[in-house]
Amino acid sequence: VWTGPVSGNYQVDLVGGIEFSFRVSPWLDGYLPMTRTVGTLTANRVVDVALEVDLVQCAAPGYVSSVQEIFTRDFEMWPDGFQFSGQTTWERGVPTTGPGMARSPTNVWATNLSGYYDNFEDGYLTSPPIDLSGYRDRNVQLHWWEWLQTESCCDLATVEATPDGGATWNQIYLGRGDVASWWTRRAVPLDSSYADANFRFRFHFTSDLSVVYPGWYIDDIGLTDVTCRTPTRGGLVVGNVSDDITGAGLDGA
């Protein structure tokens, strides 16, 4: 079911006496999908739905994001403040396996710079403490670039963050399998509970006793404060595309 591009109206015939759920998805980027439950129908009913703008992605037409860098590391300078711990092959340097090169310019952190990770890994790569106490009501994102290839069933690449200086850790990202066969950017929004004076995040890699793969490569990490500004007034251009010879409409044009 599609809404009219100008009016926004839609219509659908449904069986009476049954409860329905509508999943409303935007055709344009930048809006959040919504699921709306409609109770048992006994007559015609009007159901209005207004989708919210995704203020994290900030890609809706007319919206503009303003980005302030809070923390960045490209691992070219040493020391970079990151520490590894646990049973792990985490190391920093120039990769010769996996992607075979850094995302920029030379150095990365990887589970193994020149081969596969080990069985029975359970290791961490932990950031230095970062003061986020002034960002309680802000839209803070943790982002990084990764190359990831692991055993899909059992070897896990997770990112964890602490809202209380390391007393507790919460998983905010999970990756496994061949999910990033080239350098891929990941971004995770952080809610206000992480606005701590001693905020930290860590990359946690675990493996079982069976097959191993090239592993996890990390580069160009950052924390940003993203503000999505309300757009100025705009308009909507609507039209149809038809075949010049037959006059038939061209779907999807």
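Trainee: Before we start, what are the ground rules here?
Mentor: It's a predicted model, so local features need pLDDT of at least 70 and side-chain atom pairs count only at pLDDT 80 or more, while totals for chains, interfaces and linings use all residues. Residues are numbered from 1 along each chain as its sequence is written, and side-chain values use heavy atoms, with hydrogens and water left out.

Trainee: OK, disulfides. How many are there?
Mentor: Two disulfides, taking a disulfide as a pair of cysteine sulfur atoms within 2.5 Å.

Trainee: Which cysteine does C58 pair with?
Mentor: C228, with an S to S distance of 2.2 Å. That pair links distant parts of the chain, 170 residues apart: C58 is in the loop between β2 (34–38) and β3 (64–73), and C228 is in strand β13 (residues 215–229). Strands here are DSSP runs of E with at least two residues, numbered from the N terminus.

Trainee: Is C58 buried or exposed?
Mentor: Buried, at 8% relative accessibility. C228 is buried as well, with a relative accessible area of 15%. The cut-offs are under 20% relative accessible area for buried, over 50% for exposed, and partly exposed in between (1.4 Å probe, protein chains only).

Trainee: And is that disulfide right-handed or left-handed?
Mentor: The torsion about the S-S bond of C58 and C228 is about 85°, so it is right-handed.

Trainee: What about C153, what is it joined to?
Mentor: C153 is joined to C154, S to S 2.3 Å. The torsion about their S-S bond is about -95°, so this disulfide is left-handed. C153 is partly exposed with a relative accessible area of 44%, and C154 counts as partly exposed at 33%.

Trainee: What's the pairing if I number the bonded cysteines in sequence order?
Mentor: That gives 1-4, 2-3.

Trainee: Switching topic. Where is T150?
Mentor: T150 is in the loop between β8 (140–149) and β9 (156–162), and at 3% relative accessibility it counts as buried.

Trainee: Which backbone oxygen lies 3.2 Å from a polar atom of its side chain?
Mentor: The one of D155. For a polar contact, the limit is a pair of N or O atoms within 3.5 Å; within protein, one must be able to donate a hydrogen and the other to accept it, and residues adjacent in sequence count only if both atoms are side-chain atoms.

Trainee: What else is T150 in contact with?
Mentor: Leaving aside neighbours within four places in sequence, its contacts (heavy atoms within 4.5 Å) include Y117, R176, F205 and Y213.

Trainee: W90 next. Is it buried or exposed?
Mentor: Buried, at 3% relative accessibility. W90 is in the loop between β4 and β5 (91–93).

Trainee: What does it touch?
Mentor: Not counting residues up to four places away in sequence, among them are F84, W109, Y124, L125, F203, F205, W216 and I218. As for D80, W90 and D80 are 10 residues apart in sequence and 14 Å apart in space, C-alpha to C-alpha.

Trainee: Which peptide bond is cis?
Mentor: The one from W78 to P79, with omega near 5°. P79 is in the loop between β3 and β4 (83–87). Most residues other than glycine have a negative phi, and most peptide bonds are trans.

Trainee: And which strand is D220 in?
Mentor: D220 is in strand β13. It has a positive phi of about 50° although it is not a glycine, and at 11% relative accessibility it counts as buried. F120 also has a positive phi, near 60°; F120 is in the loop between β6 (108–110) and β7 (122–126).

Trainee: Last one. Where is S242?
Mentor: S242 is in the segment after β13, and it counts as partly exposed at 43% relative accessibility. Leaving aside neighbours within four places in sequence, S242 is in contact with G247, A248, G249 and L250. Its C-alpha is separated by 61 Å from that of G166, 76 residues apart along the chain.

Trainee: Oh, and which residues line the largest cavity?
Mentor: L132, Y135, R138, V140, L190, D191, S192, Y194 and A195.

Methods
Helix = DSSP H or I, 4+ residues; strand = E, 2+ residues; numbered from the N terminus. 1 Å grid on protein atoms, 1.4 Å probe; cavity = no way out; pocket = protein on both sides within 12 Å on 5 of 7 lines; lining within 4 Å.
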